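I opened a new entry to look up one chain, starting with the whole and then taking single residues.

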Amino acid sequence: EMEDVVNTYQRPKLEEHHKHLFIISRAMVRCSDGLLRNDQLSLFVGKNYVISMQDKYEDCFEPLRARIRSGKGNLRSAGSDYLMYSLLDSIVDSYFPLLEGIGEKLDELEDVLFDRPTRESLQQIQNIKRELIVFRRTVFAERDKVNDLLRSENDFVTNQTKIFLKDTYDHTIQVMDLVESYKEITTSLMDIYLSSVSNRMNGIMKVLAVI
């Protein structure tokens, strides 16, 4: 397990042990340079503790810290499995604003392609397509891991917490649907680009033929 913690390129997964659970999730953040960074979150979950290890300190958990400090909600009174659920749910919820940003970028690119397609716009479409591939791979594994937690009969996750985990599972499905929808849009934008370039080339050839 410690080897998996140090090796920060593990897929989301669940490992059940006699005295604890070992869980890996992927936290994705948009860096200041515009690139998408895919960090690892490792969790050790026991009866009365949760140990979390991250590649980098990120603010996606700050709302949880604020709730713990203020005493609001069930975080202080509920068990370690509820804290585990809250961390996993925060990770999945953090995907939505990132995908919203991708959706806005796709809308902008569609306007550009109809107006004046460029090689730069093509590069941006290809970059988004690569990001969506990363999202798809990550969210599929995240969904399977949450499903494993729901099906598990271990003593660390109560039935009450599994009710909340079902919401997290539903969120992973929603993220997957968004990813698939955006993948279809990128394919359409690629077709628009190729069609625009082909039409422009035909226009140039007609002018040259007339000359």
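**Entry 1: the whole chain**

I began with contacts that have a separation of 6 or more in the chain; residues 24 or more positions apart account for 61% of them. I noted that this is a predicted model.

I then looked up the secondary structure and found 5 helices and 4 strands. Read from the N terminus, the order is α-β-β-β-β-α-α-α-α.

The chain has 211 residues, and 39% of them are buried. I wrote down an accessible surface of about 12100 Å² for the chain. Carbon and sulfur atoms hold 52% of that surface.

**Entry 2: helix α3**

Which residues form a negative surface patch? I listed Glu100, Glu104, Asp107, Glu110, Asp111 and Asp115.

I took Asp115 from that list and placed it in helix α3, which covers residues 80-115. Is Asp115 buried or exposed? Asp115 counts as exposed because its relative accessible area is 67%, and the cut-off for exposed is over 50%.

I next looked up Asp89, which also lies in helix α3. Asp89 is buried but has no salt bridge. Which side chain of opposite charge is nearest to Asp89? I found Arg67, at 7.1 Å. A salt bridge needs a side-chain nitrogen of Lys or Arg within 4 Å of a carboxyl oxygen of Asp or Glu.

I also checked what Asp89 touches, leaving aside neighbours within four places in sequence. The contacts are Thr168 and His171.

I found Pro117 in the loop between α3 and α4, where α4 is 119-151. Pro117 has a relative accessibility of 11%, so Pro117 counts as buried, the limit being under 20%.

How many residues apart in sequence are Pro117 and Leu194? They are 77 residues apart, and their C-alpha atoms are 9.2 Å apart in space.

**Entry 3: helix α5**

I turned to Glu180, which sits in helix α5, residues 159-210. Glu180 is partly exposed, because its relative accessibility is 28%, and that class runs between the 20% and 50% limits.

What is Glu180 in contact with, apart from neighbours within four places in sequence? I noted Arg136 and Phe140. I also looked up the separation of Glu180 and Ile133, and their C-alpha atoms are 9.6 Å apart. Along the chain these two are 47 residues apart.

Note on methods:
Residues are numbered from 1 along each chain as its sequence is written. This is a predicted model: local features need pLDDT of at least 70, side-chain atom pairs count only at pLDDT 80 or more; totals for chains, interfaces and linings use all residues. Side-chain values use heavy atoms; hydrogens and water are left out. Helices (H or I, at least four residues) and strands (E, at least two) are DSSP runs, numbered from the N terminus. Buried means under 20% relative accessible area, exposed over 50%, partly exposed in between (1.4 Å probe, protein chains only). Contact means heavy atoms within 4.5 Å. Accessible areas come from the Shrake-Rupley method with a 1.4 Å probe; for residues, only the protein chains shown count as cover. Patches are made of residues with over 30% relative accessible area and no salt bridge: like charges are joined within 9 Å, nonpolar side chains (Val, Leu, Ile, Met, Phe, Trp, Tyr) within 5 Å. Lys and Arg count as positive and Asp and Glu as negative; His and the chain ends are not counted. The place of a charge is taken as NZ of Lys, CZ of Arg, CG of Asp or CD of Glu.
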